[in-house]
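Please read the following with the sequence and the model side by side.

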Amino acid sequence: QVQLVESGGGLVQSGGSLRLSCAASGSIFKINTMAWYRQYPGKERELVAATTHSGTTNYADSVKGRFTISRDNAKNTVYLQMNSLKPEDTAVYYCYYRSALSGAAYWGQGTQVTVSS
């Protein structure tokens, strides 16, 4: 069992920055993928950024150059640094963990990010 605890969401003006963090605990397998997804009202949850244990990263086109995903493997924590925020970034952001051993996936509770114009 894995638990994901998120923090860092909030309200920010357009052009501002936020940093989300997600700490994983429980039965963590070191070889894993951690990611951030976001969900707009009435829409499917979509990938924002992902990172493997080895450091490979992938980003949605809409956030490239503005968002940076990073991880601290010793702390089993993943971060999402969000710069140059836009109103269209407003969504609920979810942390995601997937074990390479079992394939089991876990989600955080979600944290609201609101960007005002």
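Helices (H or I, at least four residues) and strands (E, at least two) are DSSP runs, numbered from the N terminus. Two strands are said to pair if DSSP finds at least two bridges between them. The model is a predicted one, in which local features need pLDDT of at least 70 and side-chain atom pairs count only at pLDDT 80 or more, while totals for chains, interfaces and linings use all residues. Residues are numbered from 1 along each chain as its sequence is written, and side-chain values use heavy atoms, with hydrogens and water left out.

Buried means under 20% relative accessible area, exposed over 50%, and partly exposed in between (1.4 Å probe, protein chains only). Of the 8 residues of β4, 7 are buried, so the strand is largely enclosed by the rest of the structure.

Within β4 lies R38. Is R38 buried or exposed? R38 is buried, with a relative accessible area of 3%. Its bridge partner in β5 is E46. The side chain of R38 makes polar contacts (pairs of N or O atoms within 3.5 Å; within protein, one must be able to donate a hydrogen and the other to accept it, and residues adjacent in sequence count only if both atoms are side-chain atoms). One joins it to the side chain of Y40 at 3.1 Å, and another to the side chain of S62 at 3.2 Å. Contact in the wider sense means heavy atoms within 4.5 Å. Leaving aside neighbours within four places in sequence, R38 has such contacts with residues including E44, V48, F67, D89 and Y93.

Not counting residues up to four places away in sequence, T51 touches N32, T33, M34, T56, T57, I69, R71 and V78.

Next comes the disulfide. The term stands for a pair of cysteine sulfur atoms within 2.5 Å, and the structure holds 1 of them. It is formed by C22 and C95, whose sulfur atoms are 2.0 Å apart. C22 lies in strand β3 and C95 in strand β9, so the pair ties together parts that are 73 residues apart in sequence. The link is left-handed, with -85 degrees about the S-S bond. Both C22 and C95 are buried.

Last is the nonpolar core, a set of buried Ala, Val, Leu, Ile, Met, Phe, Trp, Tyr and Cys residues joined through side-chain atoms within 4.5 Å. The largest one has 25 residues, and W36, L80, M82 and Y93 have the most contacts inside it. Strands that each supply at least two residues of this core include β1 (2–7), β3 (18–26), β4 (32–39), β5 (46–52) and β9 (91–99). Apart from neighbours within four places in sequence, L80 is in contact with residues among them L18, L20, W36, V48, I69 and Y93. In soluble globular proteins, nonpolar side chains tend to be buried together.
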